[in-house]
Every structure is written in structure tokens, then in C-alpha cells.
Amino acid sequence: MVRFGSWLKTEYKRAVYLLPSIFKKAVVLALLAGMIAFCVQKWISSAGQKQIVQIGYVAAEDTLTQMAVSYVEEMESVKNWCRLVPVEKEEGERMLEEGELAALIVLPENVVEEILYGGNAPAQLYLSENAETFGLMFEELAASAIGLLQTAQAEIYATHALTELFGEGGAALSDMYREIDAFNLEITMNREQYFRIRSLSVTGNQSFAVYYAGALLTLYLLLSGLFFGPYLKRSMPEQHRLSVRGGIGLPLQLAGRILPTMLLLTITLCIPAAFWLYPGVRHMLQPVFTFKGVILLLLVLGCAAILLQLLYQLAYSAGTAVLTVGVVTLFMGYASGCILPSALLPESINRLAVFLPTTYIKSAFTLVFSGDESRFGITAAGLALFMVFFYMAGCLVMRAAEKRRGAV
């Protein structure tokens with residue numbers, strides 16, 4: 001144990017001695033990642049400038065109609081992309097021709113009463129030729145809304161027919177109407193809440209900033225292992241002498257170098273963290289360091305440390321290890337959606353990603369940036385399993401190299 005402690009101190013000193021050189025190289029890699037993040041941020045900012053679409057409507061100025069219009073206008077899914085503008089019919093037609101309105105709706109008189117009592121007087125919808133994309137979008141939304149109204153009316157008519165068929169009174173009919181209204185509103189509001197809080201895109205339920213922050217850090221973490229070659233790559237004679245004379249076996253040597261490697265990885269991770277001081281990055285990314293998040297970060301560092309040791313053990317020399325680490329990292333990063341979003345990759349690649357450590361490393365970083373802990377269990381289990389697997393593989397590689405050396 002005394003020998004092991006003395007050797008471990010030597011390992012830490014060896015790792016610390018390399019820090020200045022590692023720091024200089026890691027800064028270059030961090031600047032490259034920062035430039036990519038900066039370009040992505042600018043692209044997101046320019047793409048995120050939404051144009052509010054003007055929708056004109058012509059309606060009677062009665063209280064019930066205004067209440068209905070106000071209710072629709074305050075819905076999150078409406079006010080986030082369009083604004084309803086009350087106009088006269090002639091004025092609305094002029095604004096539509098000049099492209100000031102994307103659409104014009106002419107509502108019939110007493111439109112709310114018509115809907116409630118089944119009159120179904122049709123509304124007129126005019127779409128602008130100068131705003132074709134928004135017009136088509138609004139046409140689809142209007143068609144969906146009509147379908148919802150038709151379903152609601154069918155429920156009302158069916159309820160009325162059933163109460164007459166079974167001889168129920170008016171009180172029972174009123175109660176059933178209230179239940180139908182409550183049921184429809186609950187579904188509508190839950191649907192509204194779903195689309196308000198979840199972002200459905202090629203990056204899944206994460207924003208572009210959260211998704212690519214996790215992706216870039218995953219690549220950065222593993223590629224930073226390119227700078228640890230003098231520490232990670234050990235010759236077989238050196239390891240053999242330590243095993244025979246120092247009494248520290250090969251598995252124990254491999255385990256002892258995990259913590260110093262984690263230290264080097266932690267220090268290199270602190271470099272891109274400095275970009276958080278930039279206001280644009282700080283606005284988009286707000287890390288949440290919960291207890292579960294800290295556990296995942298430790299597992300990420302351990303998994304990356306053991307994986308890098310394994311890759312350096314497999315390489316013939318420190319020079320070839322650079323190529324090995326680079327190619328393996330880029331391939332696994334691509335398959336895990338670190339370069340292109342997983343939604344754009346072939347299904348076969350997505351199935352392969354489940355068996356790659358980069359998938360779980362990216363998931364861990366995503367948890368820290370998003371605060372979503374729903375995948376904590378599977379992410380932690382995946383990282384732990386990969387740590388055990390890489391450690392056992394590293395031990396087998398070292399023993400195989402020792403046997404080849406003995407045979408020679």
C-alpha cells in the first residue's frame with residue numbers, strides 16, 4: 001500500500017507537470033469550439049427573429065363576439081406568431097391586396113350564437129397572394145379549427161339525441177353539456193400547454209443551444225485526450241518493471257491512472273466554461289448543477305478517462321494514438337448526433353448510437369444544461385456499464401501485450 005501511494009503521488013506529479021502544455025493546446029481547441037458556438041448563436045438569433053403575422057377580421061361589435069376573439073387572441077399558440085386586427089371589410093380587402101395582412105376573416109353576424117345553436121352560418125376567409133407561406137399555414141390552422149368545432153358540435157347533437165331517446169330531462173341535458181364543455185376545454189388546454197413548453201424540432205425537446213452545447217462538449221472532452229499522449233501512453237517495458245519491481249500489477253496501474261486523467265479532463269473542461277461569461281452564451285445556456293447532475297459529470301469524466309486509456313493502450317505509439325482517438329471520437333460523435341442531429345441520421349445509425357458512450361456523455365451534458373432529469377437513470381447506468389467494460393478491456397489489452405512481450 002505504501003508503494004502504491006508513493007507511485008500514485010508520482011502519477012499526479014507527472015500529470016501536473018504536463019498541465020502548461022495541455023493548457024495551451026486545449027485553449028486552441030476551446031477557441032475553435034467557441035467560434036462554432038458563436039456562429040451557431042448568431043444563426044439562432046437571426047433565425048429566431050419571428051415575424052408576427054397580421055390577420056384581419058371583420059365582426060360585429062357585440063360583447064360576446066369580442067370576448068370570443070379576445071380568448072382566441074390570448075392563446076399562446078396564437079399570439080406567438082400572429083396578431084388579430086379588427087378592420088372594416090373594405091379596409092381589410094385593401095390591406096390584403098397590399099400585403100399588410102396575411103389573411104382576412106369575415107365573420108357572420110351573431111357568430112357565437114350561430115355556433116352555440118347549430119346555425120352554422122359560414123365565415124369567409126381571404127388569403128393574401130403576397131404572403132403565401134403564412135397564408136397556407138393559416139389555412140391549415142383554420143381547417144384544423146373547423147374540424148375541432150365540428151367534433152364539438154357532433155358531441156352536442158349526439159347528446160341531445162340520446163337524452164331524447166332515453167327520456168332524460170332538461171336538467172340532465174344541461175349537466176351533460178357542462179361535462180362535454182369541461183372535457184373539451186381540458187383536452188384543448190393540455191394540448192396548448194404541451195406545445196407551449198415543448199419544442200418539437202430536429203433537436204428533439206431541447207433548444208438548439210442546449211443540444212449543441214452538449215454535443216460540442218462531448219467532442220471537446222474526448223478530443224482533448226489528444227493532448228494527454230505523454231501521460232496516457234506507457235511503454236510495455238515500463239509497465240512490466242513497475243509490476244515486477246514495484247509490486248503494482250497491471251490492473252492496479254490502470255485503475256491508479258484514472259483519477260489523474262479525470263483531473264486533466266476537468267481542467268480542460270474549465271476552459272470552454274469561460275465562454276459562459278459571454279452575454280449571448282449566458283443568455284442561451286443556464287447550467288443546473290443538481291446532485292444528479294454532479295453524479296453524471298463524475299461518471300462522464302470517469303468514462304472518458306478509461307476510454308482514452310484504452311485507446312492509447314491499443315495504439316502502437318503516441319503518434320498513432322492521435323489518429324486513433326481522432327477517428328474514433330469523430331465516428332462515435334457523428335453516430336450519436338454530435339455533428340448532425342440524430343433526427344437527420346439514418347435509422348441504422350440511430351440504433352447503433354444506443355451502444356456508444358458518446359450518446360450517454362451527450363445526454364449527461366444535456367441534463368446539466370436543461371435540468372431535465374427524466375433520463376438520469378438510463379444515462380447513469382449506461383456510463384457506469386461503459387466504465388466497467390472499458391476497464392476490463394484495458395486490462396485484457398495490457399495482459400495480451402505482456403504475453404506477446406514474454407513470448408518474444
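Phe386 and Phe390 are both buried, a term that denotes under 20% relative accessible area (1.4 Å probe, protein chains only), with exposed meaning over 50% and partly exposed in between. The model is predicted, so local features need pLDDT of at least 70 and side-chain atom pairs count only at pLDDT 80 or more, whereas totals for chains, interfaces and linings use all residues. Residues are numbered from 1 along each chain as its sequence is written, and side-chain values use heavy atoms, without hydrogens and water.

The ring centres of Phe386 and Phe390 lie 5.6 Å apart with planes at 25°, so the pair is stacked; rings of Phe, Tyr and Trp (its six-membered ring) pair if their centres lie within 6.5 Å, and planes under 30 degrees apart count as stacked, over 60 as edge-to-face and the rest as tilted. Because Phe386 and Phe390 are four residues apart in helix H19, about one helical turn separates them; helices are DSSP runs (H or I, at least four residues) and strands likewise (E, at least two), numbered from the N terminus. Tyr360, Phe386, Phe389 and Phe390 form one aromatic cluster.

The largest nonpolar core has 52 residues, and those with the most contacts inside it are Leu221, Leu265, Leu296 and Leu383. Such a core is a set of buried Ala, Val, Leu, Ile, Met, Phe, Trp, Tyr and Cys residues joined through side-chain atoms within 4.5 Å. Helix H15 contributes the most to this core, with 13 residues. Apart from neighbours within four places in sequence, Leu221 is in contact (heavy atoms within 4.5 Å) with residues including Leu265, Val300 and Phe365.
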